[in-house]
Amino acid sequence: MDVIILQLLNGLDKGSAYALIALGLTLIFGTLGVVNFAHGALFMLGAFCAVTLQKILSLSFETVDPTKTDFLGNPAKIKTPYVESWFGPELGSSIIDWSVPLAILFAIPIMIGVGFVMERGLIKHFYKRPHADQILVTFGLAIVIQEVIKQFYGANPIPTPAPDMFKGSFDFGTLLGFDPNVVIYPYWRLVYFFFAALIIAAVFGFLQFTTFGMVVRAGMADRETVGLLGINIDKRFTIMFGIAAAVAGLAGVMYAPINSPNYHMGMDFLVLSFVVVVVGGMGSLPGAVLAGFLLGILESFSSMNEIKQILPGIDQIIIYLVAIIILLVRPRGLMGRKGVMED
Amino acid sequence: MLGLEKKDTSLLIVVAILTMCAPFILNPFPADSALAQFNAGYPDLMQRFVIFGIFAIGFNILFGLTGYLSFGHAAFLGVGSYSAVWMFKLLGYNILPGIFLSVITSGLFALLIGYISLRRSGIYFSILTLAFAQMSFALAYSVLTPLTNGETGLQVYTSDPQYFHSDAMPNIPHLFGQEMQSTYTLDAGAWSFDFNTGYYLCALIMLGMFYLAIRIFRSPFGLMLKAIKTNQTRLNYTGLNPRPYTLAAFVISGMYAGLAGGLMASMDPLAGAERMQWTASGEVVLMTILGGAGTLIGPVLGAGFIKYFENIFSKINDTVLHQWFAFLPDGIEDFLIAIVHPFVGKGWHLTLGLLFMAIVIFLPGGLVEGGQKIARRLGLKKAKDETPAATDTTPAE
């Protein structure tokens, strides 16, 4: 029992990342009808927003402290971050410590901006082109974004720690009556899960309960009619693209402490997220979220030793296997609408 | 000639002359000159030109003719490489059995994957093939280690059986005693030209494959594949079942990929899982699009183009740039180098990505269409020759 709960928990954080990326992908596909292979790159950009903010905040100047000497006998140089000198050592160091959550605020405008530029500058011209062209051009864009990041940040993963407060693990098992240290779960992953749930709820709430969201949903159902009613649906779809980019970016920001960001993390996630979208059903938002969590949990279950002994290597391929089966028996996915991209 | 139209015959002859004279054409600069870094006439690179040429020709039979975009073709290349290396391990270094087995296994593998993937079309097909390729990659990396030697990559060890290996035969890949790596260097004044056995073998095979591709393009079968690309619905309504045709195209292109993989292993008896990764599949897509999907010569051009510039661009570093811009005043020199620096050397992929985007956006027909446009602009072609580009994918209704 404890093993099952542990795997369930382990699946949640990966599942949250899948769900968030797949949600963004589906938003873009559902609104604009574009298959965005650069979405993984947006996720990666988000993670690098966190890296950048952490670097900016820990910019420091050097002062010479004559009272101390370093190992060569020279006066020791002490680095003081600017932030600490402005806000005092305590507040300053806690600002640096909290740079990842702060990066959320930093990332939202950046990612929305990136989304706008991408949609207006490039994707706009590809609405009428076949899906293959859309895949190809966004694939090219993904390579470009990835390489630009590599130019600036190098090829190595950059550790981006979470705030001290969230280090360590939460003893989940004691709540449920297990022995201590059996079911433990890192705090940050718990935070990630709740954060993802919050974002997902926000996106759904936005679409469901605002006029803007209503118009967007109408546009997803029948773009032409909404246009005929005198609503500028293109503008709203552009905004939705920005929001989708921001969702991917936020997923990346918060993921940075879990896995140190490197320039190809987006590509690694992209393939899986596409599979998630397909399993959930192209164009179905609840489907994407559901499939994200389901596949995340499935993946962590299949990496249990007991299962690996029976079916070696199953953890590596389970997601693809599920996707293949789903595509063959139920091509519109778990919650896809009938007739949407079914052939 | 050979059952080809006049135009195709001349194309084949041009390609044959180009590949046979490649050691000369690719080494236009004297060996010691500053421009020698633009030479591409060394055996390793020339072999890659033709091998990736074969890969791209095969991919084009699927993507160019039927319009089905496979994102998992590298899996067949990988399977081909593994089979060839296994033949080396079991039978000996003669490359013939290896190449045969690589074509057969990749064909069977393609039959299996194609049978499943082709039940869907459009983006679903792309994702299915992608999923299969990633699955094979993951399996080759982990569980199938006894077969693939995992991360290390499959290679031939001295302890391997090699049942048909005789001591008279060389201990590296060879064809009846002709070593693949043997190179004859011709020094002509300041120039030096390399003639490599492996290259010429690959080049001959590529010519054969190119001829086969022309025959497929011009056959009723090829016409059927084009019909699938143009309007599959209409084809269904005429009472034809397109699936056997697409499956045949898929298997053929998988076998081409397997052949390329087998040749790759024959030139360098190694096979690694990274050959199957989806970025490798993306590369062949790039080559085909860059050259011109659906055209005969396009994929070969694209493969040569990408491999050439990959090699040249990644060799350029800051020292080379300083040499180039040395004639400029210091400030401008440093400025120019700062601009160019991100695009060369390790940044070659950035250039590739930009180039690729530019091609898809502005020139969906690739280099071939670009060439045609330029030719038309120059008035070399008459107006009536302006057949719509073969890459036109919009349905007729």
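**Terms and the values behind them**

Guide: For chain B, UniProt (unreviewed entry) places the feature "transmembrane region" at residues 12–29, 49–71, 91–116, 123–144, 198–217, 244–264, 284–309 and 350–368. The model in which we examine these spans is predicted.

Visitor: How do you know how much of residues 198–217 and of residues 350–368 of chain B is helix?
Guide: Residues 198–217 of chain B are 100% helix and 0% strand, and their end C-alpha atoms lie 28 Å apart. Residues 350–368 of chain B are 84% helix and 0% strand, with 23 Å between the end C-alpha atoms.

Visitor: Which residues of chain A does UniProt list under "transmembrane region"?
Guide: The unreviewed entry lists residues 16–35, 42–61, 98–123, 190–216, 237–258, 270–298 and 310–329 of chain A. In the model, residues 237–258 of chain A are 86% helix and 0% strand, with the end C-alpha atoms 32 Å apart. Residues 42–61 of chain A are 80% helix and 10% strand, and there the end C-alpha atoms are 32 Å apart.

Visitor: Why is H3(B) called roughly perpendicular to H12(B)?
Guide: Helix H3 (residues 43–66) of chain B and H12(B) pack at an angle of about 75 degrees, with their axes 9 Å apart. Angles of 65 to 115 degrees count as roughly perpendicular, so H3(B) is roughly perpendicular to H12(B). From H3(B), the residues Phe52(B), Phe55(B), Ala56(B), Phe59(B), Asn60(B), Phe63(B) and Gly64(B) meet Val284(B), Met287(B) and Thr288(B) of H12(B). The contact of H3(B) with H12(B) has 7 nonpolar, 3 polar and no charged residues.

Visitor: What makes H3(B) and H11(B) roughly antiparallel to each other?
Guide: The axes of H3(B) and helix H11 (residues 243–267) of chain B cross at roughly 170 degrees and come within 8 Å. An angle over 145 degrees counts as roughly antiparallel, and the two helices are therefore described in that way. Among the residues that H3(B) brings to this contact are Ile51(B), Phe55(B) and Leu62(B), while those of H11(B) include Phe250(B), Tyr256(B) and Ala260(B). By class, the contact of H3(B) with H11(B) has 19 nonpolar, 5 polar and no charged residues.

Visitor: Which residues have the most contacts inside the largest nonpolar core?
Guide: They are Leu23(A), Val247(A), Val275(A), Ala323(A), Phe55(B), Tyr256(B) and Ala260(B), in a core of 220 residues. Helix H11 (residues 233–255) of chain A gives the largest share of this core, 15 residues. Apart from residues up to four places away in sequence, Val247(A) touches Leu20(A), Leu23(A), Gly24(A), Ile199(A) and Val203(A).

Visitor: Why is Val226(A) called partly exposed?
Guide: Val226(A) has 19 other C-beta atoms within 10 Å. A residue is buried at 20 or more and exposed at 12 or fewer, so Val226(A) is partly exposed. Val226(A) is in helix H10 (residues 223–228) of chain A. Not counting residues up to four places away in sequence, Val226(A) touches Val215(A), Ala218(A), Gly219(A), Ile231(A) and Ile233(A).

Visitor: Is Phe61(A) buried or exposed, and how do you know?
Guide: Phe61(A) has 10 other C-beta atoms within 10 Å. The limit for an exposed residue is 12 or fewer, so Phe61(A) is exposed. Phe61(A) lies in strand E1 (residues 60–69) of chain A. Beyond neighbours within four places in sequence, Phe61(A) is in contact with Thr80(A) and Tyr82(A).

Visitor: What makes Ile312(B) partly exposed?
Guide: The count for Ile312(B) is 16 other C-beta atoms within 10 Å. Ile312(B) is in helix H13 (residues 298–315) of chain B. Ile312(B) and Trp348(B) are 36 residues apart in sequence and 9.3 Å apart in space, C-alpha to C-alpha.

Visitor: How many residues does each chain give to the contact between chains A and B?
Guide: The contact takes 36 residues from chain B and 33 residues from chain A. On the side of chain B that touches chain A, H6(B) gives the most, with 12 residues. The residues of that side divide into 24 nonpolar, 10 polar and 2 charged.

Technical notes
Residues are numbered from 1 along each chain as its sequence is written. Chains are lettered from A and ligands numbered from 1 in the order in which they are written. This is a predicted model: local features need pLDDT of at least 70, side-chain atom pairs count only at pLDDT 80 or more; totals for chains, interfaces and linings use all residues. Two residues are in contact if their C-beta atoms, placed from the backbone, lie within 7 Å. Helices (H or I, at least four residues) and strands (E, at least two) are DSSP runs, numbered from the N terminus. Ala, Val, Leu, Ile, Met, Phe, Trp, Tyr, Cys and Pro count as nonpolar, Asp, Glu, Lys and Arg as charged, and the others, Gly among them, as polar. UniProt positions are given in the numbering used here, feature names are shortened, and annotations may be inferred rather than shown by experiment. A nonpolar core is a set of buried Ala, Val, Leu, Ile, Met, Phe, Trp, Tyr and Cys residues joined through C-beta atoms within 7 Å. Axes are lines fitted to C-alpha atoms, for helices over the stretch in contact, and angles run from 0 to 180 degrees between N-to-C directions. Angles under 35 degrees count as roughly parallel, over 145 as roughly antiparallel, 65 to 115 as roughly perpendicular and the rest as oblique.
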